[in-house]
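We will go stop by stop.

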Amino acid sequence: MVRTYSLDSKKVASAALEWLSARGVQLEEIAELVMQGQSEYYPNLSVEQCLEAVKRVLSKREVQNALLLGIQIDILTEQGKLMPPLQEMLVHDEKLFGCDEILALSIVNVYGSIGFTNFGFFDKTKPGVLDRLNNKESGEIHTFLDDLVGAVAASACSYIAHRKQAEAEATMGV
Ligand code: MG
């Protein structure tokens, strides 16, 4: 008898959130990045709205998939379980590796071009939690996670921008 494969979406969602937390990333810290990225455009933006946008982004299956994959690779790297020379490349966050950024871009892709601009900004300036994840002295390896968290924040920025645009159009009666 063929066993049919069926996946519980709630398990994927809760695993992604649990692993984010297990790897030391709080949703509030991602919301802070969103606040930094968007407050100059929307002076009335609240931390609660930023947190809500982060949760929206994290509710997408594409985002959860990318997080789980990236975190798994980071953990295997910490355990020294990758094949050479991949192991060395990921331990040292080799600049020309690039697949970490590509996986993160699969998140940004879901939210369109504003997300790309913010992703580039976070990647260059590494504020807050991104600086901590990128710190090579902690002994932890977050070669994938730093880009993924930046991508979640960038996507939440994009979500807010689109939301605010829709609100503005609604009040103008467009
Ligand atoms: Mg990286």
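How are the donor residues of the magnesium ion spaced in sequence? The pattern is D-x42-T-x3-D.

Before you click, two notes. This is a predicted model, in which local features need pLDDT of at least 70, side-chain atom pairs count only at pLDDT 80 or more, and totals for chains, interfaces and linings use all residues. Residues are numbered from 1 along each chain as its sequence is written, and side-chain values use heavy atoms, with hydrogens and water left out.

**Stop 1: the magnesium ion.** Select Asp100, Thr143 and Asp147. They supply the protein donors: OD of Asp100, O of Thr143 and OD of Asp147, lying 2.1 to 2.4 Å from the ion. Donors are N, O and S atoms within 2.8 Å of the metal (3.2 Å for Na, K and Ca); water is not among the atoms, so sites may look incomplete. Thr143 and Asp147 are both buried. Buried means under 20% relative accessible area, exposed over 50%, and partly exposed in between (1.4 Å probe, protein chains only).

**Stop 2: the core.** Now select Leu20, Ile30, Leu145, Leu148 and Val149. These have the most contacts inside the largest nonpolar core, which has 44 residues. Such a core is a set of buried Ala, Val, Leu, Ile, Met, Phe, Trp, Tyr and Cys residues joined through side-chain atoms within 4.5 Å. Helix H9 (145–172) is one of the elements that give two or more residues to it. The largest share, eleven residues, comes from H9. Helices are DSSP runs (H or I, at least four residues), numbered from the N terminus.

Zoom in on Leu20. Beyond its neighbours within four places in sequence, its contacts (heavy atoms within 4.5 Å) include Val25, Ile30, Leu67 and Val149.

**Stop 3: Ala156.** This residue lies in helix H9. Is Ala156 buried or exposed? It counts as buried, because its relative accessibility is 0%. Show Val34, Ala53, Val54 and Val57 too: Ala156 touches them, not counting residues up to four places away in sequence. Ala156 and Ile30 are 126 residues apart in sequence, but 9.0 Å apart in space, C-alpha to C-alpha.

**Stop 4: the loops.** Go to Pro84 and Pro85. The peptide bond between them is cis, with omega near 0°. Pro85 sits in the loop between H4 and helix H5 (86–91). Next, select Asp93, in the loop between H5 and H6. Asp93 is not a glycine, yet its phi is positive, about 50°.
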